[in-house]
Amino acid sequence: MDMYSFGASSRELVGVTVLDTVGLVISGADELLKEKLGTRFSALGVISSRTGAAGQIVAVDEAIKNTGAELVTIQLPRDTKGWGGHGNFIVIGSDDVSQVRRGVEIALELTKKNAGEVYINDAGHLEFAFSASASSALNSMFDIPEGRAFGFMAGSPAAIGLLMADKALKSAGITVTKYMSPDCGTSHSNEIIIAFTGQTDAVRTAVLEARKVGLELLRAMGPEPKGPSEPFL
Amino acid sequence: MDMYSFGASSRELVGVTVLDTVGLVISGADELLKEKLGTRFSALGVISSRTGAAGQIVAVDEAIKNTGAELVTIQLPRDTKGWGGHGNFIVIGSDDVSQVRRGVEIALELTKKNAGEVYINDAGHLEFAFSASASSALNSMFDIPEGRAFGFMAGSPAAIGLLMADKALKSAGITVTKYMSPDCGTSHSNEIIIAFTGQTDAVRTAVLEARKVGLELLRAMGPEPKGPSEPFL
Amino acid sequence: MDMYSFGASSRELVGVTVLDTVGLVISGADELLKEKLGTRFSALGVISSRTGAAGQIVAVDEAIKNTGAELVTIQLPRDTKGWGGHGNFIVIGSDDVSQVRRGVEIALELTKKNAGEVYINDAGHLEFAFSASASSALNSMFDIPEGRAFGFMAGSPAAIGLLMADKALKSAGITVTKYMSPDCGTSHSNEIIIAFTGQTDAVRTAVLEARKVGLELLRAMGPEPKGPSEPFL
């Protein structure tokens with residue numbers, strides 16, 4: 001268990017987990033912050049990481065499904081601690097602070113699990129994500145219709161991502177909802193990214209096709225790629 | 001003294017200091033550069049760093065106050081040597097090369113001092129800045145009225161910055177002039193940043209409130225945060 | 001020879017070389033990727049690196065000249081593995097897969113050679129490039145007329161680049177075709193970059209003038225700058 005909790009005197013910190021991810025709650029947010037974040041909610045849950053985005057967004061998507069908290073914003077800083085990808089800054093809101101707290105707890109737990117599909121070596125990185133049923137976070141960020149399956153792949157340096165995307169797209173029965181490149185949709189990250197939907201099995205198969213070729217290429221560029229958690233797809 | 005000076009044969013280099021900051025003068029700038037920088041001045045002073053922004057901007061603000069050199073440009077590259085924030089590229093100008101040289105000298109000295117309010121550990125970073133009386137650099141970059149107090153806080157990963165901003169804003173008597181996030185106002189850095197003004201004591205208090213919670217959160221994510229100089233606020 | 005080749009079962013990987021550069025071919029690209037990349041070609045050659053841009057663009061420019069493959073896209077992610085510059089993502093296309101494969105082979109070989117003009121130390125980096133005769137890649141990226149000489153310099157932190165640019169511009173007989181800064185033309189990198197044309201000798205002289213002052217400044221900021229290959233200009 002690598003989560004960390006403060007004592008009762010610091011009620012805002014819910015915990016920290018892999019990929020330099022922190023989860024916080026703000027029970028009565030300042031009016032200016034609410035305005036800048038574009039929300040009416042005073043109880044906010046905040047997740048952000050130095051590394052990774054899709055795994056955390058899926059984690060927050062599940063948190064929303066399970067608590068009734070609502071999505072406020074998803075932002076993708078250019079980070080990854082010197083690698084070529086994104087970190088994340090995600091806010092959820094509710095009228096009920098216990099709801100956002102529970103949401104952040106769920107998001108932290110799932111962030112740790114989802115980090116099993118982040119692969120990094122000295123040359124680059126890969127990220128994969130999957131959900132059988134999208135909620136509002138995946139809809140907002142990747143245009144996946146709610147209730148439908150979600151698949152995601154990112155590869156860096158970007159050439160790797162392009163070949164991975166080509167393999168995924170040649171897998172049957174998926175529809176791409178988002179294509180992101182260094183010049184378009186990313187925060188100038190060194191990645192090609194696609195998000196897609198379709199029948200659940202087809203989506204999962206396409207993610208695995210992309211992973212197979214991505215790992216093969218990243219291994220050709222450097223040492224065995226590793227991540228902070230166990231692969232699960 | 002970690003400043004470095006070339007011999008008389010290299011009159012452009014004024015010195016280098018912490019945070020990979022270099023200070024230079026150009027005595028008769030090429031016309032194209034003047035046009036690209038948007039200035040009529042031929043004598044230019046240049047400060048830039050791999051890490052940090054507010055401390056260097058305050059340093060240049062003081063340099064302007066004390067020399068009569070004028071601000072030409074402030075730009076915020078996405079840098080920090082693998083961390084989630086900004087570096088800086090700042091140019092001042094004058095008709096008198098000795099004036100910009102003296103300005104760069106002052107800016108380098110104060111950059112070293114101001115770096116005491118940069119805190120870094122493996123998980124993220126914090127930056128704080130304060131001025132009792134803003135000049136044109138702080139006005140240009142952060143919309144602080146000249147002569148008024150200036151407070152600044154940045155926290156990374158961005159969730160930390162949001163909670164710090166909430167604490168600062170709940171401190172009495174400050175007015176925010178700038179809010180910056182990964183998607184807005186930053187160069188996609190992994191930070192929430194606010195700049196604010198108000199009565200001098202209120203501004204200083206708000207900076208210290210943000211620093212208290214920022215250090216608490218960054219300590220929860222990793223080793224004791226450190227900076228290249230001594231804290232002074 | 002630090003190139004790597006897969007067996008015949010993985011025909012897409014052409015090789016890897018310095019600066020975390022990978023070269024790939026896609027023989028029958030998916031229609032969606034063709035649309036996103038803005039090309040009608042099904043045979044694509046892809047080069048991308050974590051570090052560097054001008055050397056790789058010159059390498060691809062030569063590959064185009066020597067094979068008849070055409071430029072599809074050049075994109076500049078913000079990367080350099082924790083340093084303040086760009087990586088690259090470059091795609092060429094043809095109706096003939098053997099043509100793009102040969103193009104990628106040439107580009108990888110020249111990328112290794114051109115990397116001799118990348119200089120890095122702990123404080124920052126420099127990059128220089130030169131071509132006696134530009135083709136379509138240099139024309140597309142840097143507005144160099146085809147058939148004319150091309151010179152390039154980048155310096156980071158940006159102050160160094162500005163002084164290098166001033167020295168290059170004071171060298172006789174060059175015309176700047178592109179000026180890039182943290183706020184303009186870059187992906188928020190911590191660099192000043194100029195590209196220029198003119199008589200071949202004048203262009204080469206200007207590159208060498210910029211290199212002389214750049215190395216002098218970078219040495220003043222840290223240890224002796226090094227690169228992955230042998231300097232050749």
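Which residue of chain B comes closest to the rotation axis? In this predicted model, that position is taken by B:Gly82, whose C-alpha lies at 2.3 Å from the axis. Two copies of a chain are related by a rotation about an axis and a shift along it. For chain B and chain C, the superposition is reached by a turn of 120° with a shift of 0.0 Å along the axis, and the RMSD is 0.0 Å; this is the relation of a three-fold axis. Only 10% of the interface residues of chain B are also interface residues in chain C, so the copies meet through different surfaces.

The contact between chain A and chain B draws on 31 residues from chain A and 27 residues from chain B. On the side of chain B that touches chain A, the elements giving two or more residues are α5 (158–170), β9 (174–180) and α6 (200–221), and of these α5(B) gives the most, with nine residues. The residues on this side of chain B comprise 15 nonpolar, seven polar and five charged.

Within chain B, the helices α5(B) and α6(B) also pack against each other, at an angle of about 150° and with their axes 8 Å apart, in a crossing that is right-handed. From α5(B), the residues B:Ile160, B:Leu163, B:Met164, B:Lys167 and B:Ala168 take part, and they meet B:Ala206, B:Glu209, B:Ala210, B:Val213, B:Gly214, B:Leu217 and B:Leu218 of α6(B). By class, this contact of α5(B) with α6(B) consists of nine nonpolar residues, one polar residue and two charged residues.

How values were computed
Residues are numbered from 1 along each chain as its sequence is written. Chains are lettered from A and ligands numbered from 1 in the order in which they are written. This is a predicted model: local features need pLDDT of at least 70, side-chain atom pairs count only at pLDDT 80 or more; totals for chains, interfaces and linings use all residues. Two residues are in contact if their C-beta atoms, placed from the backbone, lie within 7 Å. Helices (H or I, at least four residues) and strands (E, at least two) are DSSP runs, numbered from the N terminus. Ala, Val, Leu, Ile, Met, Phe, Trp, Tyr, Cys and Pro count as nonpolar, Asp, Glu, Lys and Arg as charged, and the others, Gly among them, as polar. Copies are superposed by least squares on the C-alpha atoms of residues with pLDDT of at least 70 in both. Axes are lines fitted to C-alpha atoms, for helices over the stretch in contact, and angles run from 0 to 180 degrees between N-to-C directions. A crossing is left-handed if the near helix is turned anticlockwise from the far one by less than a right angle, and right-handed if clockwise.
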